[in-house]
Every structure is written in C-alpha cells, then in structure tokens.
Amino acid sequence: MTSFSFAETTAWQCAGCDLPLQPAEVKVSYLNSVFNVELMVCPGCGFVLVPESLATGKMLAVEQLLEDK
Amino acid sequence: MDQTQLRELESRCIQEEQPFCTAACPIHVDVRAFMAALAKDDVCEARKILDRTMPFPEIVGRLCDAPCRRACKRGEIGDPLAIGRLERFCVSRTGPMLKLPKLPAKGGRVAVLGAGLSGMTAALDLARKGRPTTLIAPDGEIGGRLRLLPESDVPGEALVQARKLLEGYGVAIVTGGPLGGAIGEFAARLAGEYDAVYCDLEDVEMAGIPDPLTLAVGGGNCFAGGGPGADSGFSTIKQVEDGRRAALSIERFLQKVSLTAQRDREGSCATRMATVIDRIPPAAEIRPTDPAGGYTPAEAVAEAGRCIQCECMECVKQCAYLREYKEYPKTLVRKIYNNLAIVQGTRSANKTINACSLCGQCTVICPHDFPVAELCRATRQEMVDTGHMPPSPHDFALEDMRFSLSEACRLSRHQPGHATSRFLFYPGCQLAGSSPELVTRTYEFLAEKLEGGVGLMLGCCGIPAHWAGQHALFTETLDALRAEVVRMGRPTVIAACSSCLAIFGEQAPELSVTSLWELLDGLELPAGQGPRPPAALALHDPCTARHRADLRASVRSLCAKLNLAVVEPGFGGALADCCGYGGLMQFANQPLGEKAAQVKAERSPGDGLAYCAMCRDNLAAAGRPMAHLLDYLFGQTGDPDPLARANPGFSGRHENRARLKERLLARLWQEEPMPRPAHAAMPLAMSPEIAALLDRRLILEEDVRKVIAHAESSGRYLIDPATGHRLASFRPVRVTYWIEYEPADAGYRIHNGYSHRMRLPEETP
Ligand code: SF4
Ligand SMILES: [Zn+2]
C-alpha cells in the first residue's frame with residue numbers, strides 16, 4: 001500500500017500534552033478501504049490533525065470516489 | 001430495470017427522432033446538420049454531410065427535387081427552407097470531401113443492367129459493400145437521361161467524375177445488351193450467369209412489376225426499379241431511392257436473410273418528432289438576387305440560418321437538472337441502465353441519479369409523459385436495496401427527518417379540553433422548522449373556528465426517505481403516522497404542506513385529508529394585521545402542488561380575499577419548478593440546488609409569495625424577498641416584514657422545531673418540556689459568515705456543541721499559541737466534525753468548522 005504524505009508544518013499544538021505535532025503514519029478508512037497516510041500527529045497522545053484543506057479537498061474527493069465503487 | 005423497461009422508456013423520448021426534413025427525404029440526408037454547417041458558412045462541412053448519404057452529390061445535389069421541402073417545419077412560420085437551392089449552392093462550390101470506405105471484397109456477383117441514376121446508385125452501393133459488380137450500359141455510357149440535360153443543370157464533368165468514382169470502387173462498366181434479342185431474354189440469361197441482377201427501368205424495359213418494398217421481380221434473384229414513377233413523372237431522388245433500396249435487397253438476398261423485415265424506415269417515413277415553434281418569429285425565404293447563378297455565400301448563410309434546427313428538448317429547456325447533466329430523457333435512461341449494470345468499477349452516474357429533484361415537471365411537458373422522476377426514484381430504491389447507494393447524498397436529510405420524528409419535536413394531542421378530534425392539524429416538518437410562530441397562530445385559529453376538536457400533530461410524513469429510495473424507513477415512518485391518526489380516532493388531517501399532501505394522496509389514500517388552503521378558503525378569515533407588501537407579489541406554486549389544481553385555486557382565492565395582489569410567474573401551476581429541495585437535490589448536488597432555486601426565483605422579476613415553507617426558505621436564500629401566505633393570514637401588528645425574513649438554515653430549523661413543541665406544550669397543554677441535553681445550553685457566538693459556512697457544510701450548531709463539549713470535558717484539543725484558538729473534532733455517528741473555537745464570555749466563539757467522513761484510527765463508530 002502506498003503512503004501519501006499530507007504532513008505540513010502547523011501552528012497547532014496538542015493542548016493536553018503541550019507538544020508540537022509531528023509527521024506520523026496513520027491508517028484512515030472509509031467504507032471498505034483503508035489507507036496509510038502521513039499526517040501531523042501529537043507524539044504524546046496520538047491526536048491526529050486533519051486540516052481543513054485536506055478535509056474539503058483531497059479527502060472529500062477520495063470519499064466520493066469510494067462511494068461510487 | 002430490465003431491457004424491456006429500458007426499451008419502453010427509451011421509445012417515449014422523441015429527441016432522437018428524425019427531423020421532419022430528414023424523415024421525408026427518401027435517403028434521409030441529415031438536412032438539419034447540413035443547414036447548421038451552411039449557416040456557419042462552413043461549406044466543406046456541409047458537403048461532408050451530403051457525401052455521407054448521397055451518392056454522386058455533384059449530380060444529385062444539383063437535380064434533387066427535394067420532397068423534404070414540403071415537410072419542412074419552417075413552412076409553418078414563413079416559407080420552408082430552399083433545401084434544393086442550398087444543395088446546389090454547396091455542390092457547385094465544393095469537390096468531394098469524404099470517401100466512404102469500401103468493405104473487403106466478398107462473393108456474390110451482381111449485374112446491374114442499365115446505367116441510369118438508379119443503376120449507378122445500385123452499382124455504387126453494392127461495390128462499396130464489397131460485391132463484385134458489373135454495370136452494363138447498353139451504349140457504353142452512364143447517366144441515362146442525365147446526358148440530355150443542359151450543361152447548366154449538370155455539367156458533363158459531373159458524369160466523368162461519377163464514372164471515375166464507380167471505377168474507383170471497382171465497378172466494371174461494360175457495354176452490352178440485347179443485340180436484336182429481347183431484353184427479357186437477356187435479363188434471364190444474366191440471372192443465370194450472376195448471383196443477382198438489378199434492372200434500371202430507365203434504360204431497359206421489363207415485364208413484371210417490382211414489389212414496392214423490396215423491388216424484387218418474380219421471386220428469384222432479379223430486382224428492378226428506377227425510371228419514371230407510376231405518375232410517369234421523373235424524380236431524381238426516386239432514382240436514387242430505388243437504386244439504394246435494390247442494393248439493400250440484393251445484399252439481404254445474398255446474405256440469405258429476410259428481404260422484408262424491418263424496412264419501414266427506408267424511403268420517406270413518418271417521424272414522431274415534436275418541435276414547438278410558438279416563440280420563433282416567422283421568416284420569409286431568401287431568394288437569390290441572380291436566380292440563374294444561385295445563392296451568393298451571404299444569401300446561402302442567411303437562408304440556412306432560417307433553419308430552426310428542429311428537435312424536441314422541451315423538458316431540457318425548462319429543467320435545471322437535465323441541463324446541468326447535459327442529458328435528455330433518452331440518454332439519461334441509458335446512462336442509468338448502464339450504471340445499474342456495473343458489477344465492478346466506478347458507478348459514475350450515481351450523482352446524476354441522486355440529483356434529480358423528482359419534481360415531475362418534465363413529465364407534464366413531455367408529449368409522451370416521460371417519467372424521469374419515477375425513473376430516478378425507483379433507481380435510488382434499487383440502489384438502496386442492492387447496497388449500492390452511497391451514504392453522503394442523503395445522510396443529512398435523513399438525520400434531519402429522524403430529528404423531526406424524535407421526542408424533541410414530535411407531538412400529537414387532542415385540542416385542550418377535548419377528548420376527541422374531528423380534525424388534526426398537520427403543519428409538516430418544514431413549516432414547523434421555518435415559521436413556528438405561524439404554526440401556533442394557525443393552530444389556535446383552527447381550534448377556535450372548527451367544531452368537534454382540532455388535534456395537533458407535529459412530525460414528518462417521511463417524504464425525505466421516499467425520495468432517498470429508503471423504502472423500509474419510509475414505510476415505517478408513514479405506518480407510524482397512520483397508526484397515530486387511527487389512535488386519535490381517525491380525524492380529518494389538515495395538511496399545510498403540499499409534499500405531505502402528495503404523500504398522503506399517493507401512499508395513504510385511506511386517510512381523510514384536506515389541504516389547509518382549501519379549508520381556510522371555506523372559513524371566515526382573520527384580518528391579517530401585519531405588514532403588507534408594497535407591490536404585487538409573484539405567486540410561486542410548489543412543485544408538489546403540480547397535480548392539485550383545486551389547492552392552487554384555493555390559494556388564489558385566499559389571496560383575493562386578503563386583497564393580496566399577485567402575479568403569475570411564467571411556469572407556475574402544473575409546470576412549476578422545484579426550489580431545489582425536492583428529491584433531496586440540494587443535498588446530492590448543492591450548487592445545482594442553488595441554481596434550481598435561482599431559476600424558480602427568476603421566473604418573475606418581483607418579490608414573491610410562497611405557500612410551501614421550503615420554497616419560501618430556498619428562494620429567500622437565493623436572495624429573493626419572499627413571504628409565506630400564512631404571514632399575511634396570521635400576521636400581527638409589530639411583526640417584522642415577512643419579505644425580509646432570512647432563510648433560517650438547518651440549525652435554525654432544528655431549533656425552531658424543538659422550541660415549537662416546548663412552547664406549545666407549555667402554553668396549550670401546561671406540560672413541562674423534556675429536559676434538553678446539558679450541552680444544549682452552551683452559548684455560541686459566531687459571525688453571520690461563519691453561520692452561513694456551517695450551514696453550507698451541513699454542520700449543525702448541535703454538532704458544534706457536541707465537539708466542544710467533548711473537547712472541553714476530555715481536554716483533548718489542539719491549540720494555536722499565537723491566537724489562543726482551539727481545534728477539536730468529534731464523530732457522533734458517521735461524520736467527523738472539526739471546530740475551531742475559543743472560550744468567550746460564558747460560552748464559545750466559533751471561528752471555523754469542517755467535516756469529513758473518512759475515519760481516523762482513534763475513532764470507533
Ligand atoms: S426547419 Fe430545418 S430541421 Fe426543421 S424541417 Fe426545416 S430544414 Fe429540417
Ligand atoms: Zn497529545
């Protein structure tokens with residue numbers, strides 16, 4: 001499975017752990033498909049950031065594609 | 001959908017029928033495309049169109065007697081197109097543009113006896129089909145009587161070219177014929193030597209009359225045609241038609257298939273095409289300034305420009321959906337059929353199927369009642385039943401419906417002080433969401449005016465589930481409603497929403513139902529005290545009142561009694577457009593839903609009046625000042641101007657429905673409202689822009705509160721140290737919501753919101 005990177009430096013930090021986010025590989029899934037993608041994640045607690053541009057862009061496009069499969 | 005259903009539906013759409021000219025043309029030249037090319041001053045393209053169907057265009061294009069002209073639709077509004085003259089114009093300015101392919105040579109030797117135009121056509125067609133063909137010209141020359149015509153009618157060069165063309169396709173042109181012997185004998189001898197024979201009756205005389213359909217003579221391998229017709233007139237295009245018909249018969253004969261099956265479309269034929277010419281101004285024929293020289297290029301462009309490009313497209317002209325997807329019903333049904341047939345791969349028509357507003361306008365317009373709405377709805381149901389319905393187009397609307405049906409909103413009570421109900425007021429989910437105050441006032445009015453007890457029921461008729469193809473959910477919803485009406489003692493349901501009325505009429509005909517408008521029209525009306533419109537309002541019928549002329553008449557009667565001046569927009573009544581909510585269009589294709597509302601609003605220039613809450617809200621959202629009829633019936637002094645009321649949005653509708661129940665319970669039945677969840681009290685602040693953004697993204701304030709409540713109680717959120725904004729997400733069911741916010745005053749200020757359906761690793765549902 002290929003892994004796409006959507007990790008971009010971000011001003012968001014984890015409030016609970018007080019740590020900056022770092023790129024990490026994450027499994028995301030929709031319907032019957034699972035993807036490995038690289039996102040910004042809190043190294044302390046694993047909180048995953050999905051930025052707005054990703055949610056309304058590429059991620060939405062993939063969701064629509066999978067819905068029509 | 002099976003093949004038979006597909007064919008039946010396809011045949012109802014006439015858009016692909018031949019235009020009148022092409023149907024009348026014995027060889028079905030695409031006159032419409034020919035005219036379109038000439039009107040663009042593209043003579044070469046026009047010539048290509050002739051080359052595609054017409055044998056020997058340099059001859060036939062000059063001599064064609066154009067029987068199509070009598071059929072031309074333009075004739076009903078001005079003069080028919082000068083098709084013959086335009087053909088002459090075209091072929092006199094162009095050489096051949098297309099060389100039709102020759103099929104690989106096969107067996108089946110054919111002799112064509114007689115080289116008039118019909119013999120030439122038969123020989124050309126058969127040679128192109130790969131049959132070894134011998135054209136026997138009694139005196140060695142082709143063309144028959146064409147050779148006698150003056151050079152100005154057919155230049156000799158045209159015959160030279162024709163000969164070259166025939167030879168180019170491999171036709172052997174030989175001299176021969178009866179030298180002293182009878183033609184019958186000669187033909188009989190040929191019939192023995194060749195596999196099939198065609199006699200051109202212009203050049204040779206023959207006993208026996210050919211069968212008109214097949215041109216077969218005597219049941220053997222002999223065919224004959226051409227020459228003067230029964231009326232002994234000589235038609236050029238008839239020569240071509242016979243030659244072509246005979247070639248097709250001979251081809252069938254050689255292939256040993258039926259000579260007669262399915263030949264009704266050869267030669268001049270009928271067409272079911274319907275072209276509306278109401279709005280086309282008449283135009284007279286352009287005559288050449290120099291009749292002998294024919295058209296100048298400018299004259300030809302002008303004359304061809306008179307062609308109205310006959311087609312149907314009547315439904316497409318009006319329907320924003322069909323226009324958006326560039327379909328007409330015939331192409332749409334094929335697309336849907338193919339989409340349903342896909343086993344593996346992308347079902348690329350899903351969105352198309354889900355975007356139809358199911359409003360049925362096209363069916364009223366269509367001369368053959370093509371049922372696009374039922375086609376799309378039934379297809380959605382089939383998709384749901386087979387597990388192929390994508391979740392995103394309908395999720396939100398179905399959740400909205402579940403909310404209307406939930407304890408937070410649903411209600412059914414007899415009138416205070418009554419143990420039974422003769423009537424039951426059913427405002428419907430959207431009116432409750434849009435104008436809760438008007439629901440209360442209407443109910444109080446009905447309860448006061450009508451004898452025998454007026455109960456009240458809040459809920460939803462289930463039409464969103466019906467539209468979404470969710471048959472089980474729809475049935476369950478409607479059954480529950482039915483059972484409740486029965487439990488209330490079978491009162492007459494007074495429905496305010498024409499969608500509910502349509503559902504009750506179609507799916508629950510056993511219920512006693514009346515429309516609020518018809519009922520009010522029979523009562524002494526309240527004198528609406530609120531603000532009045534400054535000018536006449538455009539009265540917008542909802543699409544769901546399409547088949548309810550009675551209801552629409554009551555609405556107009558009410559307006560008259562209220563002294564409310566209204567104007568009728570183009571396309572109202574049975575032809576009314578949908579506002580974009582119907583069929584859940586606005587959820588499957590948001591921009592299209594907005595476009596549909598725009599189209600409906602623009603049917604009339606002025607401010608509007610609606611009597612469907614969804615029309616009211618969607619047209620208001622499209623920027624058109626829009627009131628609801630109830631605003632003027634039950635308005636009160638001090639009410640804000642109903643024309644200025646904004647679209648409440650999805651959050652506003654939720655809140656309105658819940659509050660309506662709470663207030664009615666408290667005010668009329670002195671009952672305590674159900675406690676709301678703790679987070680419901682969380683104060684939120686946001687700019688109108690952010691509120692509109694969340695509404696467009698289908699994020700309810702309820703969801704916003706859930707995200708923040710979850711984040712603040714768990715401490716799991718991100719923070720931007722520079723701004724102090726927080727960012728958190730929560731997935732109540734199938735959608736993950738992200739909210740950017742900051743604590744402010746006693747609550748939170750919202751800065752952004754977005755969502756996705758894809759699941760992150762830590763999310764369980
Ligand atoms: S108006 Fe044009 S398309 Fe229509 S019948 Fe006449 S030539 Fe044909
Ligand atoms: Zn953390």
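Tutor: In this predicted model, 28 residues of chain B are in contact with 25 residues of chain A. On the chain B side, the elements that contribute two or more residues are β16 (718-719), β17 (726-730) and β19 (747-756). Of these, β19(B) gives the most, with four residues. Sorted by class, the side of chain B that touches chain A holds 13 nonpolar, eight polar and seven charged residues.

Strand β2 of chain A, residues 13-14, is joined to β16(B) by two bridges, and the two strands run antiparallel. Within this pairing, Gln13(A) stands opposite Ile719(B). Strands of a sheet pair through backbone hydrogen bonds, in either a parallel or an antiparallel sense. The whole sheet is open and has seven strands, in the order β3(A)-β2(A)-β16(B)-β17(B)-β18(B)-β19(B)-β15(B), with mixed pairing. At its edges stand β3 (19-20) of chain A and β15 (684-685) of chain B; each has a single partner strand, so one side of each is left without a neighbour in the sheet.

Next, the chain B context. The domain assignment divides chain B into domain 1 (14-97 + 275-304), domain 2 (110-255), domain 3 (320-385), domain 4 (405-523 + 652-662), domain 5 (537-649) and domain 6 (678-756). Between domain 4 of chain B and domain 6 of chain B, the C-alpha centres are 34 Å apart. The secondary structure of chain B amounts to 33 helices and 19 strands. Its radius of gyration is 36 Å, well over the 27 Å that the globule rule gives for 765 residues, so chain B is more spread out than a compact globule. The C-alpha trace of chain B spans about 120 × 65 × 50 Å along its principal axes. Buried residues account for 47% of the 765 residues in chain B. Among contacts in chain B between residues at least 6 apart in sequence, 70% join residues at least 24 apart.

One residue shows how sequence and space relate in chain B. His394(B) sits in the loop between α18 (372-385) and α19 (395-405). It is buried, because 23 other C-beta atoms lie within 10 Å, and 20 or more are needed to count as buried. Leaving out residues up to four places away in sequence, His394(B) touches Ala468(B), Leu584(B) and Phe587(B). By contrast, His394(B) and Tyr169(B) are 225 residues apart in sequence and 60 Å apart in space, C-alpha to C-alpha.

Finally, the ligand. Ligand 1 is surrounded by 14 residues, and the closest are Cys21(B), Arg32(B), Cys72(B), Cys307(B) and Cys310(B). Helices α2 (20-24) and α3 (31-39) of chain B each supply at least two residues of this shell. The most comes from α3(B), with three residues. By class, the shell around ligand 1 has ten nonpolar, one polar and three charged residues.

Technical notes
Residues are numbered from 1 along each chain as its sequence is written. Chains are lettered from A and ligands numbered from 1 in the order in which they are written. This is a predicted model: local features need pLDDT of at least 70, side-chain atom pairs count only at pLDDT 80 or more; totals for chains, interfaces and linings use all residues. A residue is near a molecule or strand if its C-beta atom, placed from the backbone, lies within 6 Å of it. Ala, Val, Leu, Ile, Met, Phe, Trp, Tyr, Cys and Pro count as nonpolar, Asp, Glu, Lys and Arg as charged, and the others, Gly among them, as polar. Two residues are in contact if their C-beta atoms, placed from the backbone, lie within 7 Å. Two strands pair if DSSP finds at least two bridges between them. The radius of gyration is taken over C-alpha atoms; the globule rule is 2.2 Å times the number of residues to the power 0.38. A residue is buried if 20 or more other C-beta atoms lie within 10 Å of its own, exposed if 12 or fewer, and partly exposed in between; C-beta atoms are placed from the backbone. Domain bounds come from an automatic or database domain assignment.
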